[in-house]
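Here is a short briefing to read beside the model. Please keep the sequence and the 3D view open as you go.

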Amino acid sequence: MIKPPPVSEFYERRRRLAYLFAAASFALLLAQLYLGFHSEVYSRPRAAADPDGISVVHRTYVLGDESNPGSRLLLLDPGLQIRKRTSLAGDAGGIFAEGDEITAYFGTRYSVLRGGDTLRGAELGQKWDVQDAVLDPARKEAWIFGWNDGKIVARKRALGGYSAEIPVVPAGRIDRLAAAMEGERGPLVAWREADSSRVRTVLFDGQAFVPRGEFDLGPALQWDVVLHRKRVLLLSYRS
């Protein structure tokens with residue numbers, strides 16, 4: 001009987017290393033499958049430009065249980081690499097950046113953050129939840145938007161205080177609302193009512209909110225709007 005040639009130590013090390021990589025890959029695959037069924041679900045991202053890049057806040061909840069949503073704040077550098085991530089209590093409805101401070105809205109209250117850490121906050125003293133917010137730096141103002149009693153409503157922040165409620169447009173109960181600015185133009189408000197595939201928009205002309213275009217999204221999971229050179233652009237994602 002012919003004996004097999006002896007196996008060198010170098011080959012044995014390479015074979016053990018290959019087994020190690022295979023085992024690690026299999027473990028990662030199992031972890032991915034497990035986490036895919038039991039991990040957090042992310043939705044409703046909001047973004048705002050800041051001096052160091054982009055700040056993004058998104059909703060998080062455990063798959064199958066949306067009763068206790070939270071939020072995660074991601075600070076991105078100009079190359080869209082994550083500089084810092086912070087978990088926040090509550091479902092953030094909108095953010096904007098002023099210098100190195102970020103104002104985030106949670107229902108009927110707001111918090112001011114710097115570098116992901118909370119500096120201060122207060123109640124807004126209103127009945128409706130903030131669903132989006134935009135900064136108007138040209139006029140040194142900010143707007144918050146939500147839905148209340150059969151209509152979309154707004155409040156304007158100026159000189160450190162918030163105005164009385166401003167009616168924007170009648171609307172049925174909404175599924176999602178988004179707002180945008182472009183320089184001195186806006187704010188633009190877009191919304192989709194519950195059980196509807198149509199997104200409607202209105203634009204503030206300096207005196208009132210006037211109707212703009214409508215979009216039929218179909219079964220889009222995520223969408224957002226931007227103002228660009230006097231045009232309304234709608235971005236959507238379908239799985």
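Which residue in the turn of the β6 and β7 hairpin has a positive phi? Gly107 does, at about 65°, and two residues lie between the strands of this hairpin.

This is a predicted model, in which local features need pLDDT of at least 70 and side-chain atom pairs count only at pLDDT 80 or more, while totals for chains, interfaces and linings use all residues. Residues are numbered from 1 along each chain as its sequence is written, and side-chain values use heavy atoms, with hydrogens and water left out.

**The chain overall**

- The protein chain holds one helix and 19 strands, taken as DSSP runs (helices are H or I, at least four residues; strands are E, at least two) numbered from the N terminus.
- Of its 239 residues, 38% are buried (under 20% relative accessible area, with a 1.4 Å probe and protein chains only).
- The accessible surface of the chain is about 14,500 Å², and carbon and sulfur atoms make up 56% of that (Shrake-Rupley method, 1.4 Å probe).
- Among contacts with a separation of 6 or more, 31% link residues 24 or more positions apart (contact means heavy atoms within 4.5 Å).

**The sheet β5-β6-β7-β8**

- Four strands form an open, antiparallel sheet in that order (two strands pair if DSSP finds at least two bridges between them).
- β5 (92–98) and β8 are the edge strands with a single partner each, so one side of each has no neighbour in the sheet.
- On average, neighbouring strands here are turned by 20° against each other, direction ignored (axes are lines fitted to C-alpha atoms).
- β6 (residues 101–106) and β7 (residues 109–114) are joined by five bridges, and Phe106 has Arg109 as its bridge partner.
- β7 and β8 (residues 117–123) share six bridges, among them Ser111 opposite Gly121 and Leu113 with Thr118.
- The β7 and β8 hairpin also has two residues between its strands, and Gly115 in the turn has a positive phi of about 60°.

**Nonpolar cores**

- The largest nonpolar core has 18 residues, and Phe145, Ile152, Val168, Val189, Trp191 and Phe209 have the most contacts inside it (a core is a set of buried Ala, Val, Leu, Ile, Met, Phe, Trp, Tyr and Cys residues joined through side-chain atoms within 4.5 Å).
- Elements giving two or more residues to this core include β10 (141–148), β11 (151–158) and β14 (174–182), and β14 gives the largest share, four residues.
- Leaving aside residues up to four places away in sequence, Phe209 touches Trp143, Phe145, Val168, Pro187, Val189, Val202, Leu203 and Phe204.
- Apart from this core lies another of twelve residues, including Val57, Leu75, Ala97 and Phe106.

Definitions and conventions
Buried < 20%, exposed > 50% of the residue type's maximum accessible area, 1.4 Å probe, protein only. Axes fitted to C-alpha atoms, helices over the stretch in contact; angles between N-to-C directions.
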